[in-house]
Amino acid sequence: MSILSRFKKIMASNRNAASDKKEQPEKQLKQFMTELNMDLGQIKAESLAIEAEEQRAGRALGEARAEVEKLHKYAAKSLEAGDDAQARKFLEMKAVAAEKEKKLQEAYDQIVSKNESLLNMQSKVSADLQQLEERHTRLKSMAAETKIQQGMNEANSSQGAFAAWEDAIHDAQDKAAAKKELQSDDVFDERFEQQMKQSRRTDN
């Protein structure tokens, strides 16, 4: 299968199929871009070969066209000189040369058409590849930002845990202080009661 036939099928297919796969999407996209780069390289190589072929066909066509014009002039000069036999001979040669020119023109037109198709395809694939590369870069940036945001969320969650722990410590400290204060009041009441008892004994 020629590269033109192959790429006509590729271009007619849905190029977004690779990005629709759910398993390892980044890996799938990178693989697709690699294959697209390889395809683009093949198109460029084919286009260079066609351009060289077009130049050769153009030169051959130009030579055939010049031969037809030359034989036409020879036939005209022969007629002016009154040499009808020689004129007929040149006209016969011109007819053969004109048939050759026609075939060369058809071949040249086919090569030009093929090269135009390749150039259009090269432009299309290059544009598709550029869009994929831009999309890949954008998605990588989004993934990086998401990862950073996830880290910040985890950090915020940790801060929340620290805050809860701190609140629990403060609560425990408050309870301990309150208990200590109650114990101090009990000791004071006990001492006060002992003092009062001692004072009553002294009065008696």
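**Figure 1. Surroundings of Glu54 in the predicted model.** Beyond residues up to four places away in sequence, Glu54 touches Tyr108, Ile111, Val112 and Asn115; contact means heavy atoms within 4.5 Å. The model is predicted, so local features need pLDDT of at least 70 and side-chain atom pairs count only at pLDDT 80 or more, while totals for chains, interfaces and linings use all residues. Residues are numbered from 1 along each chain as its sequence is written, and side-chain values use heavy atoms, with hydrogens and water left out. Glu54 lies in helix α2, residues 25-80; helices (H or I, at least four residues) and strands (E, at least two) are DSSP runs numbered from the N terminus. Glu54 is buried but has no salt bridge, and Arg59, the nearest side chain of opposite charge, is 11 Å away. Buried means under 20% relative accessible area, exposed over 50% and partly exposed in between, with a 1.4 Å probe and protein chains only. A salt bridge is a side-chain nitrogen of Lys or Arg within 4 Å of a carboxyl oxygen of Asp or Glu. For charge, Lys and Arg count as positive and Asp and Glu as negative; His and the chain ends are not counted.

**Figure 2. Lys77 and Ser78 in helix α2.** Helix α2 holds Lys77 and also Ser78. Lys77 counts as exposed because its relative accessibility is 56%, whereas Ser78 counts as buried because its value is 7%. From Lys77 to Ala87 the C-alpha distance is 7.8 Å, with the two residues 10 apart in sequence. Ala87 is also among the contacts of Ser78, which are Asp83, Gln86, Ala87 and Phe90 once neighbours within four places in sequence are set aside.

**Figure 3. The aromatic pair.** The whole structure contains 1 aromatic pair. Its members are Tyr74 and Phe90, with ring centres 5.2 Å apart and planes at 55 degrees, so the pair is tilted. The pair links distant parts of the chain, as Tyr74 is in helix α2 and Phe90 is in helix α3 (residues 84-203), 16 residues apart. Rings of Phe, Tyr and Trp (its six-membered ring) pair if their centres lie within 6.5 Å; planes under 30 degrees apart count as stacked, over 60 as edge-to-face and the rest as tilted. Tyr74 is partly exposed, with a relative accessible area of 36%, and Phe90 is buried at 15%.

**Figure 4. Nonpolar cores.** The largest nonpolar core has 14 residues, and those with the most contacts inside it are Met33, Leu36, Ile43, Val125, Leu129 and Leu132. Helices α2 and α3 each supply at least two residues of this core, and α2 gives the largest share, 8 residues. Another core, apart from this one, has 5 residues, including Val68, Leu71, Ala75 and Ala97. A nonpolar core is a set of buried Ala, Val, Leu, Ile, Met, Phe, Trp, Tyr and Cys residues joined through side-chain atoms within 4.5 Å.

**Figure 5. The chain as a whole.** The chain has 3 helices and 0 strands, in the order α-α-α along the sequence. Of its 204 residues, 18% are buried. Among contacts between residues at least 6 apart in sequence, 82% join residues at least 24 apart. The chain exposes about 15,600 Å², of which carbon and sulfur atoms supply 52%; accessible areas come from the Shrake-Rupley method with a 1.4 Å probe, and for residues only the protein chains shown count as cover.
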